[in-house]
Amino acid sequence: MALVRATQQTSSSNASRCCRYHVFLSFRGEDTRKTFTDHLFTALVNAGFRTFRDDDELERGEDIKPELQKAIEHSRTSVIVFSKDYASSRWCLDELMMILERKRTSPDYVVLPVFYDVDPSHVRNQTGSLARAFARHQKSQHPKKVKAWKDALAEVAGLVGMVLQNQADGHESKFINKIVQVIGEKLRRRPLSVPCIMIGMHSQIHELNLWLQDGSDDVGILVIYGMSGIGKTTIAKSVYNSNFGRFEGSSFLENIKEVSQQPNGLVQIQTQLLSNILNGRKMRISNVSEGLTEIEDAISSKRVLLVLDDVDHMDQLDAVLRMKDQFCPGSKIIITTRRARLLKVHQVTKVHEVETLHYKESLELFSWHAFGQDHPIEGYIEYSEKIVDRCGGLPLALKVLGSSMYSEDSIDVWKSALEKLEAIPNGEIVNKLRVSYDSLPDDHDRNLFLHIACFFIGKDKDYIVNILDACDFYTIVGIQNLIDRCFGLVKLGIHGTHSDAQTRLDVRKG
């Protein structure tokens, strides 16, 4: 169990470590240290960005290199100032390779090349002053090393950057202000927090990434559908993190159903959407109609990635669909929902249904949260398997129950916990699943839910309808309402699947 605690502490440490610096500033000291780079550093600091700059004027030795590498690893962006003699410094070229390695291992890491009085094509192709620098390197360096440097320069020069070739008439100060503005915009568009352990989700995320990255200019609408606690939001966040940098604007609007029920909730949602797309610029909106007008203007001029999480009502979706033709070509919209009825909207491009985990995946996910490894430790296998069997492949239940047991070393405690689970389901899981129950439109459908859960699991649908119709239920429409809200227990009543039986037990006993 100590392994889990160590893992959690390491994760927490990594999270805080990665945000030590907003910007790592890479430059050729002899060229720009006391001029352009100094002015840029000052502007970044004055704008509130924690910026790392190597101020050591002593000869750089191998003992300094690890410190700079740590600074790169602990930053969120790198600004690389390419000057005419940048490539003459072996240190700068090694530093550049470190920056690109950081980008390869962290796709959300931002690298901004700044071309200071040097043509980007010279950097890309190593011509001009860079050609002379590499002619010298080839005499003293191994050919593989030289090739790696050239490849790194070509790669970073291919990124979207900023070019300054004329410093007259105060143009340099304006250029620096623009760099600060761009960094600010990129830092605001941060990846969302997702769990480190995502068993059973990677293939689904890959499939949705392919859809987003197909190069189509169509305004695509994807619906991610499934029951509460199954991982819809986690999948949507992961897809968002992998793709938001490909769009000119992006917004992830979480808990639409909950927020929309708050006073002036729809206006809150619209305000957040505008702020996200407009890179933090605040808009004052008086009502929903005014918000729609502002949003239409914002989405018409840039490709955006929009995620609407937990859409529960057609009205919430209509507001977006009415604007579909206003979105800039190539924009994409992702919607997560428990409502099957929303899948029938004709403008939906793709539907992805999230299903429960297979047993092997379930045991692995539970084990990571309970033991810090992908399988139960000796002595706890039997009880782990029984708990996993009770979870029915629901990721939420596996995570909650696994985490609740991670510090328990006593077999007697595990045995007692299993007995309690069989009698009284975990309250955190019940509260999550109860959201679906509370969302039912009236007492009729709630009572119908409880009758089916208690008396008719595994029965034929026609049998259920005949019995409950005689008890003054409007069974056919009621069952449809339950299915529409992704109640697995109703599917069980018709089809008899194991995973839905667990859902039924959890909700009924809650």
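Helix α5 passes helix α8 in a left-handed crossing, a term applied when the near helix is turned anticlockwise from the far one by less than a right angle, and right-handed if clockwise. The structure is a predicted model, in which local features need pLDDT of at least 70 and side-chain atom pairs count only at pLDDT 80 or more, whereas totals for chains, interfaces and linings use all residues. Residues are numbered from 1 along each chain as its sequence is written, and side-chain values use heavy atoms, with hydrogens and water left out.

The axes of α5 and α8 (residues 143-157) come within 10 Å and cross at roughly 60 degrees; axes are lines fitted to C-alpha atoms, for helices over the stretch in contact, and angles run from 0 to 180 degrees between N-to-C directions. The two helices α5 and α8 are therefore oblique to each other, given that angles under 35 degrees count as roughly parallel, over 145 as roughly antiparallel, 65 to 115 as roughly perpendicular and the rest as oblique. On the α5 side the contact (heavy atoms within 4.5 Å) is made by R90, L93, D94, L96, M97, L100 and R104, and on the α8 side by K145, A148, W149, A152, L153, E155 and V156. These residues divide into nine nonpolar, no polar and five charged, where Ala, Val, Leu, Ile, Met, Phe, Trp, Tyr, Cys and Pro count as nonpolar, Asp, Glu, Lys and Arg as charged, and the others, Gly among them, as polar.

Helix α5 (residues 90-105) also lies across strands β1, β3 (75-82) and β4 (110-116), running at about 145 degrees to β3. Helices (H or I, at least four residues) and strands (E, at least two) are DSSP runs, numbered from the N terminus. The open sheet consists of five strands in the order β2-β1-β3-β4-β5, with parallel pairing; two strands pair if DSSP finds at least two bridges between them. Its edge strands, each pairing on one side only, are β2 (51-52) and β5 (162-164).

Strand β1 (residues 21-26) pairs with β2 in the parallel sense over two bridges: V23 is partnered by T51, and F24 by F52. Five bridges join β1 to β3, also in parallel, and the partner of Y21 in β3 is S75. Five of the six residues of β1 are buried, that is, under 20% relative accessible area, with exposed over 50% and partly exposed in between (1.4 Å probe, protein chains only).

A further helix pair is formed by α13 (residues 265-277) and α14 (residues 288-299), which pack at an angle of about 20 degrees with their axes 10 Å apart. Helix α13 is thus roughly parallel to α14.
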